[in-house]
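Hi,

Here is the structure I promised to pass on.

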Amino acid sequence: LASAEDKRQSRQTEDLLVEPPLSVLCSVDMSKDYWRSRLVRVVLSSKWYAFIITTTVINLLAVASDHYRAPEVQQQVVTIINLVCSTIFFIEVVFKLPAFGMRGYFRGKDPMGKGNRLDFALVLVSLLELFVADSAAITVFRSLRLSRLIQVARAYPKLQKVVTALSSAVRDSVYLILLMVIFIFIYTVLGLQLFAQTIDFLVPVRFSFRTFWQSGYTVFVIMTGETWTNMMEVSVKEIGW
């Protein structure tokens with residue numbers, strides 16, 4: 001029975017994501033506010049959503065095609081594509097804000113719209129990109145657009161459920177990170193107390209137990225298993241087995 005109930009709720013969730021009813025979209029009275037109701041229907045239509053997803057994919061492909069020392073023609077094409085896509089995303093924000101209102105837009109009255117805040121931030125970044133002349137800063141701004149992959153994931157209900165589950169797992173992993181920090185702190189202090197005088201390397205290396213920060217760095221490197229063999233070789237040469 002529990003399995004059947006879970007399946008029924010899952011189907012209802014998928015139906016809501018694919019074709020959400022207007023009653024949950026926003027608090028606007030459709031019979032009294034004609035233009036706002038029209039905007040709601042436009043931004044929630046399947047054609048508009050497909051258009052936005054297609055634009056997102058094109059934008060991501062343009063960002064992925066850019067590389068170091070790319071031909072000038074290719075750079076110009078990428079710049080034009082980014083400009084066109086940024087304009088489309090800006091229009092999307094302009095349509096959604098009056099459709100759902102400030103509170104509805106940013107607090108998720110749009111059933112697809114828990115990512116509205118991310119979309120709004122990316123639009124602001126795109127506008128900043130127009131006024132930045134530094135090529136390195138432009139590269140960083142364009143790289144931020146890769147987060148629009150989340151929007152592509154929202155196009156598929158089953159994939160969206162996986163993303164939601166992963167997001168919940170990331171929130172719960174905060175306690176695991178806290179436990180890791182406690183572990184590092186304990187062994188950092190132990191390293192200071194036990195090996196600060198014993199392991200005093202004479203060669204210019206970046207790891208030791210002389211100070212709290214160097215000890216913490218050493219413990220972190222050993223815990224990750226990265227280049228711990230170099231530490232072992234230097235330790236053997238300096239103090240023996």
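Let me start with a helix pair: Val 170, Arg 171 and Asp 172 of helix 8 meet Val 174, Tyr 175 and Leu 176 of helix 9. Contact here means heavy atoms within 4.5 Å, and helices are DSSP runs (H or I, at least four residues) numbered from the N terminus. The residues of this contact comprise four nonpolar, no polar and two charged; Val, Leu and Tyr are among those counted as nonpolar, Asp and Arg among the charged.

The axes of helix 8 (residues 157-172) and helix 9 (residues 174-195) come within 4 Å and cross at roughly 30 degrees, and the two helices are therefore roughly parallel (angles under 35 degrees). Those axes are lines fitted to C-alpha atoms over the stretch in contact, with angles running from 0 to 180 degrees between N-to-C directions.

A word on the source: this is a predicted model, where local features need pLDDT of at least 70 and side-chain atom pairs pLDDT 80 or more, while totals for chains, interfaces and linings use all residues. Residues are numbered from 1 along each chain as its sequence is written, and side-chain values use heavy atoms, leaving out hydrogens and water.

Met 223 sits in helix 10 (residues 212-224) and is partly exposed at 31% relative accessibility (between 20% and 50%, 1.4 Å probe, protein chains only). Beyond its neighbours within four places in sequence, Met 223 touches Met 180, Phe 183 and Ile 184.

Best wishes

Methods: Angles under 35 degrees count as roughly parallel, over 145 as roughly antiparallel, 65 to 115 as roughly perpendicular and the rest as oblique.
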